[in-house]
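Walk through this fold with me, strand by strand and then helix by helix. Keep the structure open as you read.

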Amino acid sequence: MMKGKEDINMAVCSIIEASMTYTKEDGYVGKVQFSVEGHVNQYEMTLHSRKATEWGYGLFFLNESGNEEQLLELEEELEENDELFDQLVEAAKDKLVRL
């Protein structure tokens, strides 16, 4: 968890939109758009996994560039907080479309 900073928890993360597709060629590819209470900007997390077990991801500002410090804090929290990360992955998996 982040040291000396307020923890980001699932209660203050709001999912805006989520999606995921699966193909044999690409595996699982998803995205989750969400907001975090107390953060000025909204975020988008892109996801990829061959077998839906281990996930690679990228974290970006959703609409425009924003506070880099908040983005880095959120990225650190995603690395440490499995529950938060899993919540975002599950939001995308719930929208899975097999192509």
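Strand 1 and strand 5 (residues 96-98) run parallel, joined by three bridges. Look at tyrosine 22: its opposite number in strand 5 is arginine 98. Keep in mind that this is a predicted model.

Strand 1 has another pairing. Residues 13-23 form strand 1, and residues 27-36 form strand 2. These two pair in the antiparallel sense, over 10 bridges. Three residues lie between them, and the two strands form a hairpin.

Now the helices. Two packed helices are described by the angle between their axes and the distance between the axes. Helix 1 covers residues 68-80, and helix 2 covers residues 82-93. Their axes are 5 Å apart, at an angle of about 95 degrees. Angles of 65 to 115 degrees count as roughly perpendicular, so helix 1 and helix 2 are roughly perpendicular to each other. Helix 1 brings Leu74, Glu77, Leu78, Glu79 and Glu80 to the contact. Helix 2 answers with Asp82, Leu84, Phe85 and Leu88. By class, the residues of this contact are five nonpolar and four charged, with no polar ones.

How many salt bridges does the structure hold? It holds one. The side chains of lysine 93 and glutamate 90 meet there, at 3.5 Å from N to O. Both residues belong to helix 2, three residues apart, so about one helical turn separates them. Lysine 93 counts as partly exposed because its relative accessibility is 31%. Glutamate 90, at 38%, also counts as partly exposed.

Technical notes: Residues are numbered from 1 along each chain as its sequence is written. This is a predicted model: local features need pLDDT of at least 70, side-chain atom pairs count only at pLDDT 80 or more; totals for chains, interfaces and linings use all residues. Side-chain values use heavy atoms; hydrogens and water are left out. Axes are lines fitted to C-alpha atoms, for helices over the stretch in contact, and angles run from 0 to 180 degrees between N-to-C directions. Helices (H or I, at least four residues) and strands (E, at least two) are DSSP runs, numbered from the N terminus. Angles under 35 degrees count as roughly parallel, over 145 as roughly antiparallel, 65 to 115 as roughly perpendicular and the rest as oblique. Contact means heavy atoms within 4.5 Å. Ala, Val, Leu, Ile, Met, Phe, Trp, Tyr, Cys and Pro count as nonpolar, Asp, Glu, Lys and Arg as charged, and the others, Gly among them, as polar. Two strands pair if DSSP finds at least two bridges between them. A salt bridge is a side-chain nitrogen of Lys or Arg within 4 Å of a carboxyl oxygen of Asp or Glu. Buried means under 20% relative accessible area, exposed over 50%, partly exposed in between (1.4 Å probe, protein chains only).
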